[in-house]
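Subject: A structure for you to look at

Hello,

Here is the structure I promised to pass on.

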Amino acid sequence: MRDEMTEDKGIKPRTWNAIAAGALLISIALGMILYSQTDSLLSAFAAILLVFGAYTAASSFARKGREDSFGPSDSDAALAGGVIIAGVGATCLVWDSTGEVAVTVAVLIIIVAVVGMAMAVKNRNV
């Protein structure tokens, strides 16, 4: 059996780690820019979560969907986790800008729906 590090197909894990580090640095820089404009630490943190979660969800389509007998595939986990992380960031931004509980709860409901819809579209041939 071949090790995942020596597998010839797809992007190697070290490359994914480098790409993820770049995405995290970009999201931190955007958070810093937002903080300098708004003086809101919550908005800066939310921007970091939103951008990095969006990267994680988008990169799931390029990852291999390795199946095993326990739990979701790597790409499914990345998609669901990325959408949830981005959703928490969006929820924080909504709360920081509106301060209304009803609107924040509505955003959370939308996030749950988006996770379900994204998983359904991604696994439509399964």
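A word on terms to begin with: helices (H or I, at least four residues) and strands (E, at least two) are DSSP runs, numbered from the N terminus. On that basis the protein chain has 4 helices and 0 strands, and its elements run α-α-α-α from the N terminus on.

Please keep in mind that this is a predicted model, in which local features need pLDDT of at least 70 and side-chain atom pairs count only at pLDDT 80 or more, while totals for chains, interfaces and linings use all residues. Residues are numbered from 1 along each chain as its sequence is written, and side-chain values use heavy atoms, with hydrogens and water left out.

**The chain as a whole**

Of the 126 residues in the protein chain, 28% are buried. Here buried means under 20% relative accessible area, exposed means over 50%, and partly exposed is in between (1.4 Å probe, protein chains only). The chain exposes about 8100 Å², with 70% of that supplied by carbon and sulfur atoms; accessible areas come from the Shrake-Rupley method with a 1.4 Å probe, and for residues only the protein chains shown count as cover. A contact means heavy atoms within 4.5 Å. Among contacts with a separation of 6 or more, 58% are between residues 24 or more positions apart.

**How the helices pack**

For the angles below, axes are lines fitted to C-alpha atoms, for helices over the stretch in contact, and angles run from 0 to 180 degrees between N-to-C directions. Under 35 degrees counts as roughly parallel, over 145 as roughly antiparallel, 65 to 115 as roughly perpendicular and the rest as oblique.

α1 and α2 pack at about 150° with their axes 8 Å apart, so they are roughly antiparallel to each other. Residues of α1 that meet α2 include Trp 16, Leu 24 and Tyr 35, and on the α2 side Phe 52 and Tyr 55 are among them. This contact has 16 nonpolar, 5 polar and no charged residues. (Ala, Val, Leu, Ile, Met, Phe, Trp, Tyr, Cys and Pro count as nonpolar, Asp, Glu, Lys and Arg as charged, and the others, Gly among them, as polar.)

α2 also packs with helix α3 (residues 74-98): their axes come within 7 Å and cross at roughly 155°, which makes α2 roughly antiparallel to α3. By class, the residues in the contact of α2 with α3 are 16 nonpolar, 5 polar and 1 charged.

Asp 39 sits in the loop between α1 (13-38) and α2 (41-59). Its phi is positive, about 55°, although Asp 39 is not a glycine. Most residues other than glycine have a negative phi. Asp 39 counts as exposed because its relative accessibility is 63%.

Ala 62, in the loop between α2 and α3, is exposed too, with a relative accessible area of 52%. Ala 62 is 13 residues from Ser 75 in sequence, and the two are 7.9 Å apart in space, C-alpha to C-alpha.

Two residues in α3 are worth a click as well. Thr 91 lies in this helix and counts as buried because its relative accessibility is 9%. Not counting residues up to four places away in sequence, Thr 91 touches Thr 104, Val 107, Leu 108 and Ile 111. Asp 76 is also found in α3, and at 9% relative accessibility Asp 76 counts as buried. Leaving aside neighbours within four places in sequence, Asp 76 is in contact with Met 119, Lys 122 and Asn 123.
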